[in-house]
2 protein chains.
Amino acid sequence: MEGFDPVATSLKLELKPPKLGDNRSPEKRLRDGLVQELGQGPFHLPIHIARSLPGILSAADYKIQVVVVKDVCGWRICSCEPQSESVKVLGLAVDLGSTSVVFYLVDLHTGEIIQTLSKENPQRIHGEDILDRIIFAQRGGLQRLHKEVLELFNKSASQMCTQAGADTTEIFFMTVAGNTTMCHFFLALDPSHICKEPYIPAANKFDLLSPQDLGLNINPSASIYVLPNVGSYFGGDLIAGILASGMAEREEISMLVDVGTNAEVVLGNKDWLVACAGAAGPALEGGILSCGMRAQPGAIERVEISPSDLSAKIKTIGNQPPNGLCGSGIIDLLASMFEAGLVDQTGKLLVERAPSRMIKVDHEWAYIVAPETETANGKPVYITQSDIKNLIRSKGAMYTILNVVIQSVGITFEDIENFYVAGAFGNYIDAQRAITIGMLPDIPLKKFKPLGNSAGQGAIRVLLEKDSLGKMDRICEKITYLEMNVRGDFMNQLTGALFLPHTDLSRFPSVTKRLELT
Amino acid sequence: MEGFDPVATSLKLELKPPKLGDNRSPEKRLRDGLVQELGQGPFHLPIHIARSLPGILSAADYKIQVVVVKDVCGWRICSCEPQSESVKVLGLAVDLGSTSVVFYLVDLHTGEIIQTLSKENPQRIHGEDILDRIIFAQRGGLQRLHKEVLELFNKSASQMCTQAGADTTEIFFMTVAGNTTMCHFFLALDPSHICKEPYIPAANKFDLLSPQDLGLNINPSASIYVLPNVGSYFGGDLIAGILASGMAEREEISMLVDVGTNAEVVLGNKDWLVACAGAAGPALEGGILSCGMRAQPGAIERVEISPSDLSAKIKTIGNQPPNGLCGSGIIDLLASMFEAGLVDQTGKLLVERAPSRMIKVDHEWAYIVAPETETANGKPVYITQSDIKNLIRSKGAMYTILNVVIQSVGITFEDIENFYVAGAFGNYIDAQRAITIGMLPDIPLKKFKPLGNSAGQGAIRVLLEKDSLGKMDRICEKITYLEMNVRGDFMNQLTGALFLPHTDLSRFPSVTKRLELT
């Protein structure tokens, strides 16, 4: 990676030995050498290094290698040794998700990611749902949740370092991006008020921590930076996304959406940012659908419906026999069914269009996506009428949230230059399909930009751009947070969005034209 | 004390409780409250306080009392509790001398010194002389010297707090001013190179320390500030003097001198500072004189010689029977003897002027200051010819050091507006007498200003003026340090100063006129 400016770095310094007329102390000599390399610090020199400095300087003949780490202001001197080719300075960026935790071990000399490790969040045994874990925490489980995630961190750091031929003491900086609740568990902060009105986290911004504050086995002089949140439902993972997209540094207006059970949205540019989060419902992630599943091998991620026989052509993750539908497959499916005329604009399943593709499940009709002969477990994968209604409710909520945010600043979707879709799920969404069902706005496809794992990317970017720390604070200060749960216009607007793509077809001109809707 | 701005303070804050539309976190709410009171911090919030904050805010109905301590940049939040009248915020200023350690317990709410305690430095058992202690440190004794002084700090802090009805956990800031070696012992820094060419301390500037760094039993969130030095022989005690005098903040030129075995000098104003230290010899403090002693009860501190019978009229410390001569008495004595014609300009004792006041001691003549019938131990107090020669050498060295510093910046003594005499000994010097023997320059007496215990005063001032921390760094950066030991002009100039008052009488016009010298 070119042109990066990491939060921790090692410098080779060749200091002048003392002589008559230059009797600066080892401490002063070191600071002067650092000023030449890094500009006016200030440089914080811990007393244990000050104590060992005179001996190291003379043993190393004043040719030393110093590791410095970005501090609250200036730099902290974390190690000072004779020069050596083997000095490693590593950073660990963590995407702390409620389902998976992804670790990126970064070589801060080269800017390269040298190891990536994805682990299941061990807290899942206390509930898949975040709310279940908050309740567990309130009932005395906070310390346990805290310990579980820290153990995972320590184990993962150790495993990655071993694989990379490194040592955990070579990790000098750690960045953690997660949603507000996950960060509260990580820091053992009380999450009780996150989920009840008026939805208050214990803290929005976290100062740099030391490994001793948390019991992390990395370099004892390292810093740990947990990305800030701006509310209970707008966490550090989203702030990481804002950073990773660069939207808060540009003139043009961008929108960033994390698509999931909760829809988190931010709109703005370098001068202003409006953020909002609201419940879209779990259907989009497959949560409450009859045949919904996580994005795992065997999940149907792509669907097209054959115009000739109205059968579904599917693609599964890992090309395994299908097990169920994951998020991107669900959106594909609904869009394809709508295009193929298998559902009407109200979401009604038109059974008569293809009776042979339908079955009855618990007294209601369902469309067969994969017949039992093709699936892994010998049961068909299908979507019921109720599933479709749930899906439409979720996609409608998503669109409405976006629209409320847009209206709150008096612009239209046409004013948006970049539409970033964030989150592990968002990454796989086919924008055209999402527009077709009226989930995302009908703007030119080229404006849609998947961000990939934006939380992880943002966390990595903090490691590689030391100015990000201050930038992050400025981003948070700039954000105006709209409380969607208490906005009356949401419910009014939602009604129109409970159609495919919308009751107001003028909002979806490309879909209207392509499907000749009236 | 009026108009002070302490390094640690407690603030009563009445924060607004959260409501819909204002769901700032407790952390953000606290920071916003502090910004209103103290301006843009930044405020460093340790994680343990962030954890307890939500509970405290609701228990205290958002009326809280916060203790903040000046940090590297901004403030550190050190405690947050429900409001109470009994919250104390104390500071401890320490004058860390090689002989005595003086502690000042300061109420940072009122600015008042509520307890003062002077203790013997326990390191004296390893040698009165600093050099002896450095050698002891080099032979493996550093940790012991370190522990001894820390134990003294802990015991003294505890004793003072008990007497003040306070608790050591109410001490939130400690400032320590001492010479370079004493500060090295305090911090367990290697002092080996302080006393050998090119005279290099292990460190000049010390970052804020925590009580855990040193094992000090004060508030665990407190900061410890050790005043910086600018060289082996120009320590934090002198820097404290510069601060206490205010000389580095004014337009006019001032000179500050710490008179002792080592003469430490600083000259300058708000724009520039030149510092120098040189050996004046131990004679001025009574160190090597036949009847010299420390300034303790029974020490002769004032001497006048009767013009009629040439006997000495003396005043002792505590009006006790005399035991010997301390520094101020020695200067008085030599000046009086010179005025009375008992010594000539070369320092020769004129025995024939008062044979009855003279005795022979070890084959040389001596003047009797106090006859055996009047002394505490039944032995006479006297000054020998060799003592006088030693004294003249020391006073000559002192004057020469001052003169070299003055010449180094191309000014004369007349350009000096304030002449500060610092140090416990300097405080008692009669300036007119010191001029008479040619130890201090012949400038108007009103320009001489004793500074008292400047180290202690400077340490207290840091507690009461939080900007002093930055000011101190700027003072140190401004100082140009002259290495007296290696300056050739010193030896050349010294020769002329080995007379009373000087071979060049035009330098001492008031003395020349008064004593009608030729």
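**Reading the model feature by feature**

Author: A:P198 is placed in the loop between α4 (180-187) and α5 (211-214) of chain A, where helices (H or I, at least four residues) and strands (E, at least two) are DSSP runs numbered from the N terminus. This is a predicted model, in which local features need pLDDT of at least 70 and side-chain atom pairs count only at pLDDT 80 or more, while totals for chains, interfaces and linings use all residues. Residues are numbered from 1 along each chain as its sequence is written, chains are lettered from A and ligands numbered from 1 in the order in which they are written, and side-chain values use heavy atoms, with hydrogens and water left out.

Reader: What kind of peptide bond joins A:E197 and A:P198?

Author: The bond between A:E197 and A:P198 is cis, with omega about -5 degrees. In chain B, the peptide bond from B:E197 to B:P198 is cis, with omega near -5 degrees, and B:P198 lies in the loop between α4 (180-187) and α5 (211-214) of that chain.

Reader: What is the phi of A:D61, and where does this residue lie?

Author: A:D61 is not a glycine, although its phi is positive, at about 55 degrees; the residue sits in the loop between α2 (47-59) and β3 (63-70) of chain A.

Reader: At what angle do α7 and α8 of chain A pack?

Author: Axes are lines fitted to C-alpha atoms, for helices over the stretch in contact, and angles run from 0 to 180 degrees between N-to-C directions. Helix α7 (residues 327-339) and helix α8 (residues 385-408) of chain A pack at about 105 degrees, with axes 11 Å apart. That makes α7(A) roughly perpendicular to α8(A), since angles under 35 degrees count as roughly parallel, over 145 as roughly antiparallel, 65 to 115 as roughly perpendicular and the rest as oblique.

Reader: Which residues of α7(A) and α8(A) meet?

Author: With contact meaning heavy atoms within 4.5 Å, A:I330, A:L334 and A:M337 in α7(A) meet A:I388, A:L391 and A:I392 in α8(A). The residues of this contact divide into six nonpolar, no polar and no charged, where Ala, Val, Leu, Ile, Met, Phe, Trp, Tyr, Cys and Pro count as nonpolar, Asp, Glu, Lys and Arg as charged, and the others, Gly among them, as polar.

Reader: How much area do chain A and chain B bury between them?

Author: The size of an interface is often given as the accessible area lost when the parts come together. Buried area here is the accessible area (1.4 Å probe) that two parts lose on being put together, summed over both, and chain A and chain B bury about 3200 Å², 61% of it on carbon and sulfur atoms. The contact takes 40 residues from chain A and 40 residues from chain B.

Reader: How many salt bridges are there between chain A and chain B?

Author: The count is two, a salt bridge being a side-chain nitrogen of Lys or Arg within 4 Å of a carboxyl oxygen of Asp or Glu. One of them joins A:R31 to B:D207, with the closest N and O atoms 3.5 Å apart.

Reader: By what turn can chain A be laid on chain B?

Author: Superposing by least squares on the C-alpha atoms of residues with pLDDT of at least 70 in both copies, chain A can be laid on chain B with an RMSD of 0.2 Å by a turn of 179 degrees and a shift of 0.0 Å along the axis. That is the relation of a two-fold axis.
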